[in-house]
Amino acid sequence: MRRIFLLIVLLFPLLLSGQWFFVQFRGVVTDMFDGTPMSDVLVEVDLADDSQHLRNIITKKNGEYQFELDRGYHYSVRYSKTGYVAKTLELDMTLIPDTPDVPFYDMDVQMALFESIPDIDLSFFTSPIGRAEYKESVRTMSWENEFSDAKRIEMAKIMREYTKTFRGYYARTNAKPPIIIANTPLVLKSDSSDVAVVHNALETFVPPDTAASYYNDIT
């Protein structure tokens, strides 16, 4: 009994100092376009300040991942898979108080990855795309900060161009469909403007013999 009491006394200061507090970081990795869970995604956790590697997690068929992080550190979490563009998040837990009023914080993040394609600059994703920080007003981790807001706006512009390229928008608009004039296809070049096409059609158009009487109206 005396040993048990002594153990409790020794542990009590640790509990008060928040050393046992942790952040439960979990979520699901999905495909950006169809939302299906992605397996075999490597989730790496490092210390952002000195790049010290801490752990790896590989997602299963359900795309889920989960790990616990101690307060007082600035983390980097990177999601990567062969053939896909990697994404990185920052988790700044340095401002979490020593004695939080809850045993842990629960962060649920669904990460969407997309395939890497040529002819589009995706270097934006080599740096973190968002940062979660401790927010005193809500007493938990939050993405609502200047860093994340700026990254969100910039990423939206890039993803609009990516989506057009990936979905074949530019391929379709460059390969314009032929215009049929008098049963003769006029094939448009990809660099032809609408005005140039109209002028070309007017200059080269020859009506068929069956339409001669219509165009040579003598009345």
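**Exercise 1. The whole chain**

Task: Among contacts between residues at least 6 apart in sequence, find what percentage join residues at least 24 apart.

Solution. Step 1: A contact means heavy atoms within 4.5 Å. Step 2: Of the contacts in the chain between residues at least 6 apart in sequence, 61% join residues at least 24 apart.

Before going on, note that this is a predicted model, where local features need pLDDT of at least 70, side-chain atom pairs count only at pLDDT 80 or more, and totals for chains, interfaces and linings use all residues. Residues are numbered from 1 along each chain as its sequence is written, and side-chain values use heavy atoms, with hydrogens and water left out.

**Exercise 2. Parts and surface**

Task: State how many helices and strands the chain has, and what percentage of its residues are buried.

Solution. Step 1: Helices (H or I, at least four residues) and strands (E, at least two) are DSSP runs, numbered from the N terminus. The chain has five helices and twelve strands. Step 2: Buried means under 20% relative accessible area, exposed over 50%, and partly exposed in between (1.4 Å probe, protein chains only). Of the 219 residues in the chain, 32% are buried. Step 3: For the surface, accessible areas come from the Shrake-Rupley method with a 1.4 Å probe, and for residues only the protein chains shown count as cover. The chain exposes about 14600 Å², with carbon and sulfur atoms supplying 56% of this area.

**Exercise 3. An aromatic pair**

Task: Work out why the pair formed by Phe-25 and Tyr-65 is called tilted, and which strands the two residues lie in.

Solution. Step 1: Rings of Phe, Tyr and Trp (its six-membered ring) pair if their centres lie within 6.5 Å; planes under 30 degrees apart count as stacked, over 60 as edge-to-face and the rest as tilted. The structure holds ten aromatic pairs. Step 2: The ring centres of Phe-25 and Tyr-65 are 6.0 Å apart and the planes meet at 45 degrees, so this pair is tilted. Step 3: Phe-25 belongs to strand E1 (residues 22-31) and Tyr-65 to strand E4 (residues 64-70), so the pair ties together parts that are 40 residues apart in sequence. Step 4: Now check accessibility. Phe-25 is buried because its relative accessibility is 0%, and Tyr-65 is buried at 3%.

**Exercise 4. The nonpolar core**

Task: Find how many residues the largest nonpolar core has, and which helix gives the largest share.

Solution. Step 1: A nonpolar core is a set of buried Ala, Val, Leu, Ile, Met, Phe, Trp, Tyr and Cys residues joined through side-chain atoms within 4.5 Å. Step 2: The largest core has 40 residues, and those with the most contacts inside it are Phe-25, Tyr-65, Phe-67, Tyr-79, Leu-91 and Phe-125. Step 3: Helix H2 (residues 146-166) supplies the largest share of this core, four residues. Step 4: Pick Phe-67 and list its partners. Beyond its neighbours within four places in sequence, Phe-67 is in contact with residues including Phe-25, Val-43, Ile-57 and Val-77.

**Exercise 5. Strand partners**

Solution. Step 1: Two strands pair if DSSP finds at least two bridges between them. Leu-89 has Gly-130 in E9 as its bridge partner. Step 4: E9 and E10 form a hairpin with four residues between them, and Arg-139 in the turn has a positive phi of about 55 degrees.
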